[in-house]
Structure formats: structure tokens, C-alpha cells
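Please keep the sequence and the coordinates at hand while reading.

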Amino acid sequence: MNQALLETRGLTKRYGGLLVTDQVDLDIRPGELHAIIGPNGAGKTTLVNQLSGELRADAGTIHFDGRNVSALGVSHRARSGLLRSYQITAVFEEFTVRENVMLAAHGARRHGFSFFRSLLGQRDLATISDAVMMEVGLAPIGNTPAGELAYGQRRQLELAMALAAEPRFLLLDEPMAGMSGQESAAVVALLQRLKGRYGILLVEHDMEAVFALADRITVLVYGKVMFCGTPDEIRNHPEVKAIYLGEEE
Ligand SMILES: Nc1ncnc2c1ncn2[C@@H]1O[C@H](COP(=O)(O)OP(=O)(O)OP(=O)(O)O)[C@@H](O)[C@H]1O
């Protein structure tokens with residue numbers, strides 16, 4: 001049994017009288033793709049914000065790779081490898097796709113020891129960036145300025161920039177939202193390829209994608225974990241079917 005790479009205990013966030021996440025316990029293993037589903041307003045985005053460090057929890061703890069990161073901010077968590085796709089660095093509109101990916105690769109490495117930093121030259125950054133663009137399917141538009149990208153391509157660029165930073169755990173909040181059918185299919189295929197390499201937490205409303213991709217699924221209802229299990233267990237869970245999947249149908 002693998003030890004959890006990302007573990008939360010009693011994670012809680014309230015806004016006034018509203019408990020948005022309520023004593024959430026998660027255990028996500030290395031290489032696992034773990035989906036969070038739940039009705040609108042269940043607290044999924046709030047949970048992601050707490051994991052990324054954008055929101056400080058009112059109670060509870062977050063351990064990443066055995067280390068308590070609860071008090072760390074976004075950039076510290078990102079540097080330790082726990083990151084959300086768009087957070088690694090800003091997209092520069094006038095720079096090309098390739099230049100943006102290179103900047104992300106460079107930015108994530110500049111905190112290393114200067115000795116290693118100096119070993120990683122322009123050529124290495126270009127090699128890493130080209131490999132990532134190939135993986136994400138952005139290679140054909142590597143020379144397009146980011147400002148000219150369609151919405152779906154831009155989300156793919158954000159994902160490429162996160163991958164260039166060589167994360168250990170990716171937080172993905174509705175990565176397919178607003179994409180065309182073709183673009184969503186490309187992201188599903190990409191996540192299928194990435195699965196196993198990184199821990200991934202995926203919040204997604206597209207149930208077909210969730211059931212195709214997830215190793216395990218946590219169902220959040222009114223901020224509480226209602227159930228956590230494999231896609232088959234979720235499909236056959238009467239309460240989940242009634243409360244969530246029934247609603248989808
Ligand atoms: N900053 C805030 N102040 C007050 N209430 C908030 C705040 N952010 C979120 N909420 C409330 O917390 C609840 C959970 O919101 P959240 O966005 O986390 O849900 P969600 O599961 O991601 O929803 P969706 O599926 O619609 O994206 C909602 O009732 C929302 O109105």
C-alpha cells in the first residue's frame with residue numbers, strides 16, 4: 001500500500017455561517033488520478049484553492065509528501081511540486097507559445113543551486129519545452145503569440161507551462177471548461193498519457209471524462225466527503241446515484 005502523496009485531514013473552510021468545506025479527509029497516492037465530483041456549490045473549487053494555498057483553511061491540515069504544507073503559500077507549494085496549472089507563471093501575450101513554455105521551465109528551476117542552474121542552459125530549456133509542447137499537442141503552433149490563441153489552446157498552453165515546471169502533483173480545476181468537443185477529447189487523451197507520472201486531482205463536470213480517467217473519485221456534497229471509491233463503486237453507490245448522478249441524468 002502506497003503512502004499518500006497528498007493527504008488532508010479535517011480540512012474546513014467557512015464563509016460566515018456557511019461551511020463550504022467540512023472536515024475533508026483525502027489520501028491521494030503517487031501517480032493516482034483522483035477526481036472530485038459533486039453538485040454545483042459543493043465546495044470543489046474552494047477545496048482546490050485550499051490545496052493550492054490560495055485560500056487558508058480555517059481548520060485541518062495538508063501534508064504533501066509527508067511534509068505539513070498547511071502554512072505555506074502558493075509559491076512555496078508550487079516549488080515543492082504541488083501546483084495548479086495556471087499558477088506557475090503568467091502567460092505573456094506577446095511571447096510565442098514556445099517562449100512562454102520556456103519561461104515556465106526556466107522559472108521553475110531558477111530557485112535551484114546556482115551550480116545546477118548554470119548547467120541548465122538555453123539549449124536544455126528548449127529541449128524540455130519542445131518535448132512538453134509535443135506532448136500537449138502545441139508543437140504545430142509553437143511560434144504563435146500567446147495573445148492570438150483560441151480559448152481552448154490557451155488552456156492547453158497553461159497545462160504545458162505547468163508540465164514544463166516538472167510538477168509532482170497537478171491540481172486541475174475544470175481543465176476542459178469552455179473547450180470544443182475536439183479540444184476536450186485532446187485533453188482527456190493527454191491526461192490519459194500523464195496518468196501514473198504525476199499525482200493529479202481533477203475537478204470536472206464532464207462525467208464521461210471523469211469515469212474514463214479517474215482511479216478513484218471523491219464525492220463532495222455540501223462540503224462533506226460523502227463517498228470515496230473507484231469509478232465502479234461510485235456508479236453502483238445508491239446514494240451517490242440518487243444525489244449526484246441522478247441529477248446529471
Ligand atoms: N469568497 C466567498 N465568499 C462567500 N461564499 C463563497 C465564496 N466562495 C465560494 N462561496 C460559496 O461556497 C460554496 C461553494 O463554492 P465552490 O465554488 O467551492 O463550489 P463548487 O463545488 O466548485 O461549485 P461549481 O461546481 O458550481 O463550480 C458556494 O455556495 C459559494 O457560493
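**Overall organisation**

Of the 249 residues in the protein chain, 39% count as buried. The model is a predicted one. The protein chain contains ten helices and ten strands. Among its contacts with a separation of 6 or more, 65% are made by residues 24 or more positions apart.

The domain assignment divides the protein chain into domain 1 (1-88 + 167-249) and domain 2 (89-164). Domain 1 puts 14 residues into the contact between them, and domain 2 also puts in 14 residues. On the side of domain 1 that touches domain 2, helix H7 (residues 181-194) gives the most, with three residues. By residue class, that side of domain 1 consists of nine nonpolar, three polar and two charged residues.

Nonpolar side chains tend to be buried together in soluble globular proteins. In this model the largest nonpolar core has 63 residues, and Val101, Ala160, Ala164 and Leu202 are those with the most contacts inside it. Helix H6 (residues 151-164) provides the largest share of this core, seven residues. Both domains take part, since at least three residues of the core come from each of domain 1 (1-88 + 167-249) and domain 2 (89-164). The surroundings of Ala164 can be followed residue by residue: leaving aside neighbours within four places in sequence, Ala164 is in contact with Val101, Ala104, Ala105, Ile128, Ser129 and Val132.

Which residues surround the ligand? The shell is made up of Tyr15, Val20, Gly38, Asn40, Gly41, Ala42, Gly43, Lys44, Thr45 and Thr46. In terms of class, these residues divide into three nonpolar, six polar and one charged. Helix H1 (residues 44-52) supplies the largest share of the shell, three residues.

H1 is itself mostly covered, with eight of its nine residues buried. The buried residues are Lys44, Thr46, Leu47, Val48, Asn49, Gln50, Leu51 and Ser52. Just after H1, Gly53 adopts a positive phi of about 100°.

**Strand pairing around E9**

Strand E9 (residues 216-221) pairs with strand E3 (residues 33-37) in the parallel sense, over four bridges. In this pairing, Arg216 of E9 has His34 opposite. E9 is also joined by five bridges to strand E10 (residues 224-229), and these two strands run antiparallel. Within that pairing, Thr218 has Cys228 in E10 as its bridge partner. The hairpin of E9 and E10 has two residues between the strands, and there Tyr222 takes a positive phi near 45°.

**Loops with positive phi**

Most residues other than glycine have a negative phi. Asp65 is not a glycine, yet its phi is positive, at about 50°. This residue lies in the loop between strand E4 (59-64) and strand E5 (67-68). Asp65 counts as partly exposed because it has 17 C-beta neighbours inside 10 Å.

Where does Glu166 lie? Its place is in the loop between H6 and strand E7 (169-173). Glu166, a residue other than glycine, has a positive phi near 50°. Because Glu166 has 13 C-beta neighbours inside 10 Å, this residue counts as partly exposed.

How values were computed:
Residues numbered from 1 in each chain as written. Predicted model: local features only at pLDDT ≥ 70, side-chain atom pairs only at ≥ 80, totals over all residues. Domains from an automatic or database assignment. Contact = placed C-beta atoms within 7 Å. Nonpolar A, V, L, I, M, F, W, Y, C, P; charged D, E, K, R; others polar. Near = placed C-beta within 6 Å. Buried ≥ 20, exposed ≤ 12 C-beta atoms within 10 Å, placed from the backbone. Pairing = 2+ DSSP bridges. Core = buried A, V, L, I, M, F, W, Y, C linked by C-beta atoms within 7 Å.
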